[in-house]
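Trainee: Could we go through this model together, one question at a time?

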Amino acid sequence: MRHYSPRTEEAYVGWVLRFIRFHDRRHPIELGARHLGAFLSHLAVHGRVSRSTQNQALSAVLLLYRHVLDAPLAALDDVVRAKSPRRLLVVLDRTEVDRVIAGCSGTHRLVVALLYGSGLRLMECLTLRVKDIDLARREITIRGGKGGKDRVTVLPTALLGPLAEQLRRTRERHDRDLACGGGAVTLPAAFGRKSPGAARSWSWQWAFPAARTHVDRRTGERRRHHMDPSALQRVVPDVARRAGIAKRVTCHTFRHSFATHLIEAGYDIRTVQELLGHTDVRTTMIYTHVLNRGAAGVRSPLDLCWPSGMGARTPRSDRSPWVPPTRRR
């Protein structure tokens, strides 16, 4: 009823079940703020979860009490909050990005290239519709990104050919599905009620469809979903390991690398903020840590002693003679 995404629904239901099982399967109406505080403190102290995970569990249980049981809870001042340490982002250099992309194959290679070339989140890329890709203007429109925001980002020229080929194969598969009586995809809730026929139109098809169809649990209709993100989440770390990259590489690492490399190239922070879809520029400012590294940043005093490297130390005869200090009486 609140139009949350299926992934949010699944996560919230899971946290509510864990809350109930934590209190010996008692009905939530018998529990209160004290019990919720004990559950959240257990997650932080014994479960050692992150702050974002604890906040997600809190949001799920509060939604249960406010909008399902109609019994809002009191303040939770005595809850032990999980700590959120400030960590620097993992960023790949251009050579490492090239090695990972070259190590992928097929559709996975195109998706990884889009993650880096357009700064997309993984689900933003996999949920692209055909109508959101403008090859002529070299633009990609992100619909309902994080926080429900829309934005426009750049489409790399190097991917125009591969994307056109991907859309051609997708069109052929869609035509076969239509011939078999299928070809439907999931539509946004409100639009699906207004224009149910759009589910089979070409413009609303997923740009990266799944290989298999599925039966929608709500309507009972056979549809084709987009690619499963878990497959790529397994492929990327494995390719990075085989490429000899000694960093923790995930699909989101390419978004960090996209923003970092733009700032290194001299693009202003507001432009990068718009491309990433950040509401607050302070979120984008985290990528400016790269400006304090490398040759353009602080120079180590060791490099002043050995400007040519440790193997090229200046002989003693070529240096200034050592003068002993004056002794005091």
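Predicted model: local features only at pLDDT ≥ 70, side-chain atom pairs only at ≥ 80, totals over all residues.

Trainee: Which residue just after α11 takes a positive phi?

Mentor: Residues are numbered from 1 along each chain as its sequence is written, and side-chain values use heavy atoms, without hydrogens and water. Helices (H or I, at least four residues) and strands (E, at least two) are DSSP runs numbered from the N terminus. Just after α11, a positive phi of about 80 degrees is taken by G277.

Trainee: Which residue caps the N-terminal end of α11?

Mentor: Look for a side-chain oxygen 3.2 Å from the backbone nitrogen of R270. A polar contact is a pair of N or O atoms within 3.5 Å; within protein, one must be able to donate a hydrogen and the other to accept it, and residues adjacent in sequence count only if both atoms are side-chain atoms. The capping residue is D268.

Trainee: Which residues on the other side of α11 are exposed?

Mentor: Buried means under 20% relative accessible area, exposed over 50%, and partly exposed in between (1.4 Å probe, protein chains only). The buried residues of α11 (269–276) are V272, Q273, L275 and L276. They share one side of α11, because their arc, taken from the directions from the helix axis to the C-beta atoms, is only 165 degrees. Exposed on the other side are R270 and E274.

Trainee: What do the buried residues of α11 pack against?

Mentor: Contact here means heavy atoms within 4.5 Å. The partners are β3 (151–154), α10 (253–264) and α12 (281–284).
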